Amino acid sequence: MKSGESSDSSGAMGITNGHSKSIFILFLLIFTPKVDSSWWYIGALGARVICDNIPGLVNKQRQLCQKHPDLMQSISDGAKEWIKECQHQFRQQRWNCSTMDRDHTVFGRVILRSSQEAAFVYAISSAGVVYAITRACSQGELKICSCDSHKRGLGSDNNGEFEWGGCSDNINFGIKFAKAFVDAREKMVKDARALMNLHNNRCGRMAVKRFMKLKCKCHGVSGSCSLRTCWLAMSDFRLTGDYLHKKYNNAIEVTMNQDGTGFMVADKDFKGSTKNELVYVESSPDYCIKDSKTGTLGTDGRECNKFSRGLDGCEVMCCGRGYDTMPVKRVTSCDCKFKWCCSVECKVCEDVVDVHICKPSMRPEQKLSRRPGQISARLTQ
Ligand SMILES: *[C@@H]1O[C@H](CO)[C@@H](O)[C@H](O)[C@H]1NC(C)=O
């Protein structure tokens, strides 16, 4: 029972301070169905982080939250970013990382399945925590951490020696805290899903570290660069997103070994290591049709690309249901002219482009009522 932890401390205590904010959260708690809450929900709560009232935190997470409210604010801000990155990476796929409003599970029931998509979400969410905390450390927003103090004195790279200077991102602190906070829930159960989550969480954390870059400033006579000061900095989170999406495409199917302590790769011919790969246990649904049992939204009404044969193409995106074409007005700036001196003047142009939209799937009752008709038509031939 994974969500058992979350239900204990949300009693009436929260409203004794009289803040309307906590009352609001209490409303959310009472009127939102509890499926399998997660710390991901912190992102939706934003500045209203009140540790006792966040659903989905296990005890260890709640303790960390109480001890480090400033870190929770960073995690909350970070959640919006990694969710946006997830939606960017999946914008051309049937499952598009959409979130459910006011739902503690954030992504709905879809993620309950131990699929490739779940593997990605766990990886990018823990990468997002590393990124957000490390950045906040460097910006001096947190009491507990600052720039990496080990990066002092002389260092060297391919171009020779340099002096450590400036503020190196303290990624090791980010990783340590993310591990303690994000993995806390998975440490409470020992099943295939918990193992899968722990593995993918780790992949996510390491992905951020992979894109650390040395940045340098030149000093010396007329910029001769005889003297350099350098610092280690994280790259744009997009690189982590791209990397993890590639890992998602090549994710490896695994099964739990007999004593329940680790994984076996399902494909017996697999050679190599799963260490830096995302792993999953269950195959994915096709995500074609809205299904409240599995939490899939279906692709009704999704825009598709008529000219693509890939995942975003109408054939694949609409699951063979076909698409409707609608003219849509788009406003652009056009006929831009350079005016002496010095501005550019543009006209506002409206043009009409065709947008292709997946047809809705037939509802079950329509299917049923149509079938007898088809049969009788055939009988009369
Ligand atoms: C994702 O797809 C759903 C329908 O399947 C749509 O309602 C939603 O707007 C899409 N979200 C994004 C972020 O594109």
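Helices α5 (residues 116–138) and α8 (residues 237–249) have axes that come within 10 Å and cross at roughly 160°, and the two helices are therefore roughly antiparallel to each other, a label given to angles over 145 degrees. Here the axes are lines fitted to C-alpha atoms, for helices over the stretch in contact, with angles running from 0 to 180 degrees between N-to-C directions, and helices (H or I, at least four residues) and strands (E, at least two) are DSSP runs numbered from the N terminus. The model is a predicted one, in which local features need pLDDT of at least 70 and side-chain atom pairs count only at pLDDT 80 or more, while totals for chains, interfaces and linings use all residues. Residues are numbered from 1 along each chain as its sequence is written.

Contact between two residues requires that their C-beta atoms, placed from the backbone, lie within 7 Å; by this criterion Q116, A119, F120, A123, I124, A127 and Y131 in α5 meet F237, T240, G241, L244 and Y248 in α8. By class, this contact of α5 with α8 has nine nonpolar, three polar and no charged residues, where Ala, Val, Leu, Ile, Met, Phe, Trp, Tyr, Cys and Pro count as nonpolar, Asp, Glu, Lys and Arg as charged, and the others, Gly among them, as polar.

Helix α5 also meets helix α4 (residues 69–89), the axes of the two coming within 8 Å and crossing at roughly 135°. Helices α4 and α5 are therefore oblique to each other. The residues of α4 in this contact include L71, I75, W82 and C86, and those of α5 include V121, I124, V129 and A136. The contact of α4 with α5 has 13 nonpolar, four polar and three charged residues.

Among the strands, which are taken to pair if DSSP finds at least two bridges between them, β8, β10 and β9 form an open sheet in the order β8-β10-β9 with antiparallel pairing. Its edge strands, β8 (303–304) and β9 (323–339), each pair on one side only. Strand β9 and strand β10 (residues 343–358) are joined over 15 bridges, and T325 stands opposite H356 in β10. Elsewhere, β4 (residues 227–234) runs parallel to β2 (residues 160–164), to which two bridges join it, whereas β3 (residues 212–219) and β4 pair in the antiparallel sense over eight bridges.

The residues around the ligand, counted as near if the C-beta atom, placed from the backbone, lies within 6 Å, are Q87, N96, S98, L297, G298, T299 and R302. This shell divides into one nonpolar, five polar and one charged residue.

Methods. Parallel < 35°, antiparallel > 145°, perpendicular 65-115°, else oblique.
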